[in-house]
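Subject: Structure handover

Hello,

Here is the structure I promised you. Please open it first, then read my notes alongside it.

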Amino acid sequence: MATPTALTPQDEDFPRWYQDVVAKAELAENGPVRGTMVIRPYGYALWEHVQAEMDRRIKATGARNAYFPLFIPQSYFAREAEHVEGFSPELAVVTFAGGEELAEPVIIRPTSETVIGEYMAKWIQSYRDLPLLLNQWANVVRWELRPRLFLRSSEFLWQEGHTAHATAADASAFATTIHRDVYRDFLVNVLAVPVFEGFKSPRERFAGAINTITCEGMMRDGKALQMSTSHELGQNFARAFGVAFQDESGQSTWCHTTSWGASTRVIGGLIMAHGDDRGLVVPPRLAPTAVVVLAVREDDALDEACADVTEELSAAGIAVERDRARGSFGRRVTDWEIKGVPVRAEIGPRDLAAGTVTLVRRDDGSRQSVERSRVVETVRELLEAVQANLLALALERRSQATHDVGTVAQAIEAAQEGFARVPWGLLGEAGEDELNRHAVSVRCIQRPDGSLPGSVDESDLVAVVAKAY
RNA sequence: CGGGAAGUAGCGCAGCUUGGUUAGCGCGCCUGGUUUGGGACCAGGAGGUCGCGGGUUCAAAUCCCGCCUUCCCGACCA
């Protein structure tokens, strides 16, 4: 195999490797305004698959999609103290529109708790209106000082869910359901990224929440990426926006609300969790193109065979694309590798003579020759195998780079190369300060066995700490 | 927002120190031909407000000032 030269090797310079992949795989590039992102068709196709998988799971929980405005009155933000404090440094504010200074500045949404709270208050009268389960797919703006494509941009795409419930227990249970059945399930079973799950520490929590549940993935450089958050908002926003209901006895009570989101950042996670020195590696269940069929050289008979195989795979419901590019075989192969297509089906003169197709896996580079009649069946098996292998490899890397430690100093040491798990009781405010001074943070707090705590006050909880994106 | 580096063709760079022919090179792109089982070769060709604005000068890619953008390192975040 030839040595790949298209990309900066990961070991040499991981951030540069990341930029190279984003550029060479034609995922995205910078927009004209600092921090903005142009998502190219292949990058957007990945996002559309993320959306489809998550949307299906969100709807299965009973939530329905709606749309709320991009512009939010500034006064709404002022109503929840912590919320306004947390977000004010990142807000973009419109003060001038329609040719004149606005009487009240308008905020471009960084998140929609406030507007949605206002409308929930209108729509909810009685316990019969609960739970109210909403979701929206939208863009949001959080002005970023240090942007990076997909990971941190001043405008990004996401899904934000907002729900209202009669009791704290209902709200908590729903937030947990979203975390488990939407985010964790999607990340592990579709994106093939194992996640550490747990609660955010008070200082890492969403501004205005009483609890935040997170999924933290480990990237190939050992750093953590927060890939989803699910917040229990208690009655904070309900009080601020008047979201109340009458119970069966006629008593008026504040609702308990939740909010939860996952963004285009998961594309960044996909790149950094699976990518290698040859480029992106896309898990089959997410791949816009799961199989690419290519002829080894320009030749009518080969083209015809490729067309047949493509048709057969397509008829079997497999996301297949036929390579129509001209140029050398090696070049075309490399281009598809950079894009991370899980399986390549190659047909050359020898295959044609033997009635076979050469199938090559993107994850381990292994190749096999199969009879034409068994192509569909074998491709199916390979896609399953690649999907499983990506998760297994990611799990393996993660367990290699995760260490249980007993002191803050050891935690900082371990976090230079990966994750550390340290008793939460041992850290305290001072320990968390010490970590932060070394650019290490508490990613989540979980039970010793890795499961979600019932509450933050449980004894023996463990903090997962790491450097983070 | 602080500290560092850098903006010259789509991408990567040279030229700048010491101002002075028509601003170069590699890759990519276009045309034609030969090729094609892991980033092909030959020939011809297109493509530039030298990031933007101002200043110095007979003359600025080159010197000076301001701004914008990008990358790396720190504080905030999905």
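Is Asp55 buried or exposed? Asp55 is buried, because its relative accessible area is 15% and the cut-off for buried is under 20%. Keep in mind throughout that this is a predicted model.

**Helix α2**

Stay with Asp55 for a moment. Its side chain meets that of Lys59 in a salt bridge, with 2.3 Å from N to O. Where do Lys59 and Asp55 sit relative to each other? They are four residues apart in helix α2, so about one helical turn separates them. An α-helix has 3.6 residues a turn, so residues three or four places apart point the same way. Lys59 counts as partly exposed, because its relative accessibility is 44%.

Glu53 and Arg56 both lie in α2, which covers residues 41-60. They are three residues apart, about one turn of the helix. Their side chains form a salt bridge at 3.5 Å, N to O. Glu53 is buried, with a relative accessible area of 14%. Arg56 is exposed, at 52%.

**Salt bridges elsewhere**

How many salt bridges are there? The count comes to 27. One of them joins the side chains of Arg344 and Glu346, at 3.0 Å from N to O. Both Arg344 and Glu346 are buried. Salt bridges with shared partners link Arg278, Glu337, Arg344, Glu346 and Arg367 into one network.

**The start of the chain**

Ala6 is in the segment before α1. It counts as partly exposed, with 30% relative accessibility. Which residue lies 329 places from Ala6 along the chain, yet has its C-alpha 9.5 Å away? That residue is Asp335. Leaving out neighbours within four places in sequence, Ala6 is in contact with Lys24 and Ile338.

Next comes α1 itself. Its buried residues are Phe14, Trp17, Tyr18, Asp20, Val21 and Val22. What do they pack against? They pack against β1 and α8, the latter being residues 265-274.

**Two positive phi angles**

Just after α1, Glu26 takes a positive phi of about 60°. Glu26 is a residue other than glycine. It sits in the loop between α1 (14-24) and β1 (28-30). Glu26 is partly exposed, with a relative accessible area of 34%.

Asp460 also has a positive phi, about 65°, although it is not a glycine. Find Asp460 in the loop between β22 (441-446) and β23 (462-466). Is Asp460 buried or exposed? Asp460 is exposed, because its relative accessible area is 61% and the cut-off for exposed is over 50%.

**A cis peptide bond**

Which two residues does a cis peptide bond join? It joins Leu130 and Pro131, with omega at about -5°. Pro131 lies in the loop between α5 (113-123) and β7 (132-141).

**Strand β5**

Val94 is found in strand β5, residues 92-97. It is partly exposed, with a relative accessible area of 21%. Val94 and Ile72 are 22 residues apart in sequence. In space, their C-alpha atoms are 9.9 Å apart. Which residues does Val94 contact, leaving aside neighbours within four places in sequence? They are Phe71, Leu102, Pro105, Val106 and Ile108.

**A charged patch**

Take Asp308 as an example. Asp308 lies in helix α9, residues 300-315. At 39% relative accessibility, Asp308 counts as partly exposed.

**Where to begin**

Start with the Lys59 and Asp55 salt bridge in your viewer.

Best wishes

Conventions: Residues are numbered from 1 along each chain as its sequence is written. Chains are lettered from A and ligands numbered from 1 in the order in which they are written. This is a predicted model: local features need pLDDT of at least 70, side-chain atom pairs count only at pLDDT 80 or more; totals for chains, interfaces and linings use all residues. Side-chain values use heavy atoms; hydrogens and water are left out. Buried means under 20% relative accessible area, exposed over 50%, partly exposed in between (1.4 Å probe, protein chains only). Contact means heavy atoms within 4.5 Å. A salt bridge is a side-chain nitrogen of Lys or Arg within 4 Å of a carboxyl oxygen of Asp or Glu.
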